[in-house]
Each structure stands twice: as C-alpha cells, then as structure tokens.
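The following report describes one protein chain and its ligand. Please consult the sequence and the structure shown here alongside the text.

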Amino acid sequence: MNRKISSEDIATLKSVKSQISRLARLVGVQANSKKLTTEGDQRVDKSEKKVRGGTAKKMSSQDVSKDFLVGIDLGTSRSVLVGEDGTKVVVESIVGWPRDIIGIKVIGQAIMFGKEALAMRDSLEISRPLADGVIKEGKGRDQEAAEELLRHLVEQAGVPQGRNVCGVIGVPAKASLKSKELLMDIAQKCMRRVMLISEPFAVAYEQKKLSNSIVVDIGAGTTDLCAMKGRIPDDDHQLTINKAGNYVDGVLVEALKKQFPDASITSLLAKQLKEKHGTVSQPRSKIVTNLRVNGVKEAHDITDSMVYACSRIVPDIVEGIKQLLLTFDPEFEDEVLQNIILAGGMSQLEGLPAAIETAFKDFGIVKIQTVRTALYNGAEGALRLGMDIPVQHWDKIGFLDQDS
Ligand SMILES: Nc1ncnc2c1ncn2[C@@H]1O[C@H](COP(=O)(O)OP(=O)(O)OP(=O)(O)O)[C@@H](O)[C@H]1O
Ligand SMILES: [Mg+2]
C-alpha cells in the first residue's frame, strides 16, 4: 500500500540514520534515548530468580512493532536475560537430563536447569555448557545444553504472544570467530534477530563510559579487562586473565583445608562462603562460620583464609589495568584513572575498589567505580544497545566480523 511520506517519517529516518552513524563512529550514546528499566530500589536477591515488572519502560514507537527485545549475558557461572518490559531472568548455567528411567521417575521432567538441576545432580547427566564465557566446543552434550539454556532463558522471559524475540548477546571480548559463529547459530534457532557484542563494551555502554575508561569484568572463569576508546574494542586493547571466581574458590578450598584439616570443605561451600563473606581487606569483625567436622557442625574462624584467597586476584587485576593504561595517550591517562569500572559477580568483593586504588596511589587521583547491579549490568547494556539501534540495522554492527 502506498502512503505519502510525512515529515514525521523523514524525522524518524533522520534520527535512525544519525544513531547508526553515531555508533558507526563508535561514539557514545543514544540519540533517541529510551530509559531501560531497572528494578529501581527493589532489592535484588543474589540467587537465581526471575523478577517481573519494576518500573516498566515507557512505550515508544519501537514497542508497537512485533519485536520484543532482550539483552543476554551468558556466563560461565550464571546466565542473565533482561527484557524490554523490565523482566529479569537469572539461571545458573547448568543443564541436566535424567540419567535413566529411575531418574525420569524421580525428576518427573525431561530436562532441568540451574539450581534445580544442581540439587538433583546425582540423578542427572549434567552439563555446564559455558567455559570462559563461550560455549564449549565438541564435548558431550554441551552444545545441546547451550541451546536448551538459551531457549529456557527466553521462555522464562514470558514474551507476550505474537511478539518476536530479538536478542543482543554479550560474548567475551576475546571470543574467537568460531565460538561467535557457534553461538549465533544456536541463538538464531530461538530468536528472530540476534546481535552479538563484546561483554565489556556492553558494560561500558550501560555505564555511558565508552571512551577513556577501563572496564574490569570479574566473572567466574575469567577476568576481562578492556580499554574503552570510543570504538568497539580491538584485540590490543583487551586482556583476559584466567583468574576469577573459580580460581578464588579453589584457593579458598586449599587454604581452609590447610587451616582446618578435619573439616569437610567443598568447592561449592567455598563459593557460597565467598559470596557471603568475600573480602580482600581485614573485616571489622571476624568471619566465623559453621563447618562440619565428622558430620558435626562447629564454629570456625575463616577470616584469614578468606582474605588470603580473595586477595589473590588483586595483583593480576592491577597489572592488567597498568598494561591497558599504557595503551592510552599520556594526556588521557588522568581521565582514564578516574574511570575504572568494576563489573561481574566478583566485583562485589568487599574492599576491592580500595585495594586497587591503594595499588595506584603513586599515579595521582584514581577512582574505581563498581557497577550498581553487578549481576545484570552486562545484559542491561546489551539491551540498551539493542534498543538504540533499530533491529533491521543490527547486522551493521559488525562484532561478529571481528576475529580475536
Ligand atoms: N556477592 C558476591 N561476592 C563475591 N563474589 C560473588 C558474589 N556474587 C557472585 N560472586 C561470584 O561471582 C562469580 C560469577 O560472576 P558472574 O556472574 O559475573 O560470572 P559469569 O559471567 O558467569 O562468568 P564469566 O564472565 O567468567 O563467564 C562467581 O565466582 C560467584 O561466586
Ligand atoms: Mg561474565
């Protein structure tokens, strides 16, 4: 059907064009700024959960289309989806299938995800399909698990009937072309349109710190550092350190076993203790927790082991920031030092910003900021970018083209 082009249409086209060219120039933020919903002051439980609602974002021209936009952060430890209506879904990145007929009877379903799967792990064939933030390749049922996990996230988002899911997915800055293609293939099975973007870029985008800043994303498998220079980061401006949450868990297990040889210590317990008490500085009061000795719970002071284990990631992070700082022109260094952003689950360690600031005390004024919602920030940044670029232009943002 032919329709006259109105001045409104021309204005819309101009706005779209200017947004794209802005991104193409890889400069900051949105021309047609639409506020992404967050939960405002709502308390966010750190466990696996789905939060619906919050302050739903205002309807805009893009909403009346059939597309339903989501931002996704597939993590080694947890996967997060944030929907354009404010829905948030968090699932531990674990998939399980019943091992046998008894398992099917016990479980009563063909597949389980996240904490549920973990709780029933003895009856299940378990897959943790992501390693270092990318889908494991060529191993058992990991690819199938990754697809199921993605589908589960999307299903949990409760997308209104008749809407087509379009997702922006963060992948590690240094993901290989092969791993990005694999993710793209899988994602396209569950979504109408998919755009992949670099995870640290998503964090920086959400923080509106796309230039003269350094993002440090401390996850479970890796710590990813990225120097933001007003463009999509290339290989020389990114670093990956294989020390993050899992590494700290391992160090904590060893330290606790050494300190309390008779106590039962597992990696899962160490992770839970770290999430509750993790700190890189001496806390005001001792960290005392019950550990089982010959099955009996006894109080133990774990302060020293905790501080020791958590502190072990600090030197590498400091070294990484120093290396990336050198990639900026000297006249920008002051600004960069005041724009260091910590993200990822491990950024919640007590005392971490202060410890990094102390390490840079000879460099002048240093400001380390921790993102407000460590759990959702990557997915929120991905969604925000998706909302700023009309879906039909997503394929022009060529992160998939970059091979690292
Ligand atoms: N409150 C907390 N204090 C300290 N550590 C925490 C806290 N909450 C979560 N973590 C740790 O953060 C890590 C998970 O962070 P995140 O969800 O960012 O990782 P991921 O994205 O799954 O992993 P990756 O980025 O390596 O793929 C885990 O090691 C977890 O134990
Ligand atoms: Mg991550």
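## Surroundings of Val 194

Beyond its neighbours within four places in sequence, Val 194 is in contact with Gly 167, Ile 169, Met 184, Ala 187 and Gln 188 (contact means that the C-beta atoms of two residues, placed from the backbone, lie within 7 Å). Val 194 belongs to strand E11, residues 193-198. Helices (H or I, at least four residues) and strands (E, at least two) are DSSP runs numbered from the N terminus. Met 184 lies 10 residues from Val 194 along the chain, and their C-alpha atoms are 7.1 Å apart.

Val 194 counts as buried because it has 24 C-beta neighbours inside 10 Å. A residue is buried if 20 or more other C-beta atoms, placed from the backbone, lie within 10 Å of its own, exposed if 12 or fewer, and partly exposed in between.

## Basis and confidence of the model

This is a predicted model, in which local features need pLDDT of at least 70, side-chain atom pairs count only at pLDDT 80 or more, and totals for chains, interfaces and linings use all residues. Residues are numbered from 1 along each chain as its sequence is written, while chains are lettered from A and ligands numbered from 1 in the order in which they are written.

The mean pLDDT of the chain is 83, with 82% of residues at 70 or more; pLDDT is the predictor's confidence in each residue, from 0 to 100.

## Overall fold

The chain comprises 13 helices and 18 strands. Of its 404 residues, 42% count as buried. Among contacts with a separation of 6 or more, 69% join residues 24 or more positions apart.

## A three-stranded sheet

One open sheet has the strand order E6-E5-E7, with antiparallel pairing (strands pair if DSSP finds at least two bridges between them). Strands E6 (112-113) and E7 (124-127) are at the edges, each with a single partner strand, so one side of each has no neighbour in the sheet. Helix H4 (residues 142-156) packs on this sheet and touches E5, E6 and E7.

Strand E5 (residues 95-98) is joined to E6 by two bridges, and Val 95 stands opposite Phe 113 in E6.

Technical notes
Axes fitted to C-alpha atoms, helices over the stretch in contact; angles between N-to-C directions.
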